[in-house]
Amino acid sequence: MSIKNKDSNLKEKLKQALSSTIRVISEDSFIKRSSDEGKILKKIDNFDLDNLSSKSDFIKARAEADSSALKIKFSNEKIYKKNIPSNSSCKSLYSIAEKIRYESLGGKMMVGIEKNFKKNYNQLIDLKSKNEIKSKE
């Protein structure tokens, strides 16, 4: 088997694992039949599996998959849209608060998800800190 085929096979397995993770966490084994399937597969594709090259990339992909699953499990799109503010800055805060809400619920219920989020957010903080140190300001 060539290296290219091996990489392709590995990425396909990772994609399947992330998809399975989303189905299990969201408790929706019938996602394939729902309108969420396209969103999930698109979200997994957006993890940019072709450019996964480090442990931090895998941590990010896992945390994003967990977040997507928790959104399906704990967020109701009708209620979310019904209560969305008209002010653009308020919309942004509303969206952030909703994400914090469903990630917090999932993290409290499942220790593994909490660890994935902590690792991912710590990576983001470290990256921001390093970038700030490199800048003149």
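The structure is a predicted model, in which local features need pLDDT of at least 70, side-chain atom pairs count only at pLDDT 80 or more, and totals for chains, interfaces and linings use all residues. Residues are numbered from 1 along each chain as its sequence is written, and side-chain values use heavy atoms, with hydrogens and water left out.

The protein chain contains six helices and zero strands; helices (H or I, at least four residues) and strands (E, at least two) are DSSP runs, numbered from the N terminus. The order of elements from the N terminus is α-α-α-α-α-α. Of the 137 residues, 26% are buried, where buried means under 20% relative accessible area, exposed over 50%, and partly exposed in between (1.4 Å probe, protein chains only). Among contacts (heavy atoms within 4.5 Å) with a separation of 6 or more, 69% join residues 24 or more positions apart.

A nonpolar core is a set of buried Ala, Val, Leu, Ile, Met, Phe, Trp, Tyr and Cys residues joined through side-chain atoms within 4.5 Å. The largest one here has 13 residues, and Leu18, Ile25, Leu70, Ile113 and Phe117 have the most contacts inside it. At least two core residues come from each of α1 (3-26), α3 (55-74) and α6 (111-134). Helix α3 gives the largest share, five residues. In soluble globular proteins, nonpolar side chains tend to be buried together.

Helix α3 has 20 residues and reaches 28 Å from its first C-alpha to its last, close to the 28 Å expected at 1.5 Å a residue; the expected span is 1.5 Å times one less than the number of residues. Its buried residues include Ile59, Ala61, Asp66 and Leu70. Asp66 has a relative accessible area of 0% and is therefore buried. Leaving out residues up to four places away in sequence, Asp66 touches Thr21, Ile25, Ile113, Asn116 and Phe117.

Two of these partners also belong to the core residues named above. Beyond its neighbours within four places in sequence, Ile25 is in contact with Asp66, Ala69, Leu70, Lys73, Met110 and Ile113. Ile113 lies in helix α6 and counts as buried because its relative accessibility is 4%. With residues up to four places away not counted, Ile113 touches Ile25, Asp66, Leu70, Gly106 and Gly107.

The axes of α3 and α5 (residues 88-109) come within 9 Å and cross at roughly 100 degrees. Axes are lines fitted to C-alpha atoms, for helices over the stretch in contact, and angles run from 0 to 180 degrees between N-to-C directions. The two helices are therefore roughly perpendicular, a term for angles of 65 to 115 degrees (under 35 is roughly parallel, over 145 roughly antiparallel, and the rest oblique). Residues making the contact include Ser67, Leu70 and Phe74 of α3 and Tyr102, Leu105 and Met109 of α5.
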